[in-house]
There are 4 protein chains.
Amino acid sequence: MGNDATLSPAQEARIRQSFGAQSMMATLGARLVGVARGQVRIEAPILPGSRQQHGFAHAGLTFAIGDSAAGYAALSMMPEGHEVLTTEMKIHLLAPAKGDLLVATGRVIRPGRRLVIVQADVHALEDGRESHVAFLTGTMIPLAP
Amino acid sequence: MGNDATLSPAQEARIRQSFGAQSMMATLGARLVGVARGQVRIEAPILPGSRQQHGFAHAGLTFAIGDSAAGYAALSMMPEGHEVLTTEMKIHLLAPAKGDLLVATGRVIRPGRRLVIVQADVHALEDGRESHVAFLTGTMIPLAP
Amino acid sequence: MGNDATLSPAQEARIRQSFGAQSMMATLGARLVGVARGQVRIEAPILPGSRQQHGFAHAGLTFAIGDSAAGYAALSMMPEGHEVLTTEMKIHLLAPAKGDLLVATGRVIRPGRRLVIVQADVHALEDGRESHVAFLTGTMIPLAP
Amino acid sequence: MGNDATLSPAQEARIRQSFGAQSMMATLGARLVGVARGQVRIEAPILPGSRQQHGFAHAGLTFAIGDSAAGYAALSMMPEGHEVLTTEMKIHLLAPAKGDLLVATGRVIRPGRRLVIVQADVHALEDGRESHVAFLTGTMIPLAP
């Protein structure tokens, strides 16, 4: 995330405002921890209320932050006033999401006027060890104002 | 969901117990409202804390109940003691998930000893009108005890 | 494929002309055997040159006719002069594609001005017996003239 | 593809033999041009008979060599005597596949005893310029002898 990747304060504010307006992110305890042009990072603790039947992170949590990281990565490359919608997303769950924290990194693979192709990786942190628990690939559509 | 589709009380209890152990389902207010052999239905209100930035259901909610409905549909066809894991799932988001309630119906397309192929549809209910907001297709793997 | 589904002769001609211009369809021996509004059927023999290492149909054949059937189903719902492009497609391979003939049926799940969501099923015929060998779900984009 | 990635002559022979037995690869003019542990490269000219209606490579060609490169990457990590089957594969078509030659590179993302998660990228070469035309992500299952 070098200088070329820096967003203007207005662009970053737009992303932070949209994120802040997603009540689901607050419910999941998710935080926007990195915003650059074409790359966004979201973290979420694996809260007691975000688990599946074995105490690991629920796939719904992994998907929610992976999809949001990918979506905001797409939004970071769009002109002022645009919004973005996921039209399809595939998630591969690679390993049980065990630990304390999930970190999702979304990025743009192919920007476009009509479609933006995105990817995201999700890692779990347990006692300082990181494991790759999921990756996502999907399609976003820009919505003009 | 005719007679052929009826589960034994033990099988149904196993699914209800697993569902009850997923704290994420409680966080989202999701309820298991139909369980038959190869087909499972889950409902969730669109709670104030389950929304995206426009007040519609967050894709994380739609995914969570669609994936769970598909997973329990797979589990309903497995021998006693088995469990099931999602390995990959693709979701198409067809329309904004507006309304009061989401209903996810999961079903088994191809049962197998090593893999189970599943689908799910998610509908939104708004003022008694139903709209098809998402469909999912994915792969589950059985875990022997 | 009732009366409502009937295409005008001009619309059908447009689809047949595009299909005829795909040299890959000729290489694979594929034929357009049914064209209706939102639903298209393509057949291909499992030629000696279309096989994988066990003599079954190669996944490339199954994909090619499934994707084409879905794409022409999308095209059948578009205004005069438009074309259609696949942007993403997922295929589930359910069973080995054994036999003499594959039949792909594509249909439109959600038409749209900007995106068309499609599905296709592929069946194999062996000694008159039909087996479901694949299904596909994907996204098409309309191209205006 | 360093030293760690080197296959034994027997392993490489097994992959070359399986590839040679796929008549579809010969029909498409595809060649196996790189085989290492977990990574396989396949090239195919865009033959006159492998095209869609605008003269670009047909998505069936792009899929066929991407899927095969991913599958042989998975096979390269399996014990003697095993085979591999694609169970599902998603392809994103990023740009028209214009040019003379397609090059597919498949690799293993997550090896496993029961499932192998794979990816592939496909590039087109036109007058020495390379463009990224597709990427694929999918699931392979090992078949024991």
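A: In this predicted model, chain B can be laid on chain A with an RMSD of 0.0 Å by a turn of 180° and a shift of 0.0 Å along the axis. That is the relation of a two-fold axis.

Q: Which residue of chain B comes closest to the rotation axis?

A: By its C-alpha, K90(B) comes closest among the residues of chain B, at 2.0 Å from the rotation axis.

Q: What makes up the side of chain B that touches chain A?

A: With contact taken as C-beta atoms within 7 Å, 28 residues of chain B are in contact with 28 residues of chain A. On the side of chain B that touches chain A, α2 (23-27), α3 (59-75) and β3 (83-93) each supply at least two residues, and the largest share, 8 residues, comes from β3(B). By class, that side has 11 nonpolar, 13 polar and 4 charged residues.

Q: How do you know that β3 of chain A and β3(B) pair?

A: Pairing requires at least two bridges between the strands, and 5 bridges join β3 (residues 83-93) of chain A to β3(B), the two running antiparallel. Within this pairing, M89(B) is the bridge partner of I91(A).

Q: What are the confidence scores of the model?

A: The model scores ipTM 0.95 and pTM 0.95, while chain A has a mean pLDDT of 94, with 97% of its residues reaching 70 or more.

Key: Residues numbered from 1 in each chain as written. Chains lettered and ligands numbered in written order. Predicted model: local features only at pLDDT ≥ 70, side-chain atom pairs only at ≥ 80, totals over all residues. pLDDT = per-residue confidence, 0-100. Least-squares fit on C-alpha atoms with pLDDT ≥ 70 in both. Contact = placed C-beta atoms within 7 Å. Helix = DSSP H or I, 4+ residues; strand = E, 2+ residues; numbered from the N terminus. Nonpolar A, V, L, I, M, F, W, Y, C, P; charged D, E, K, R; others polar.
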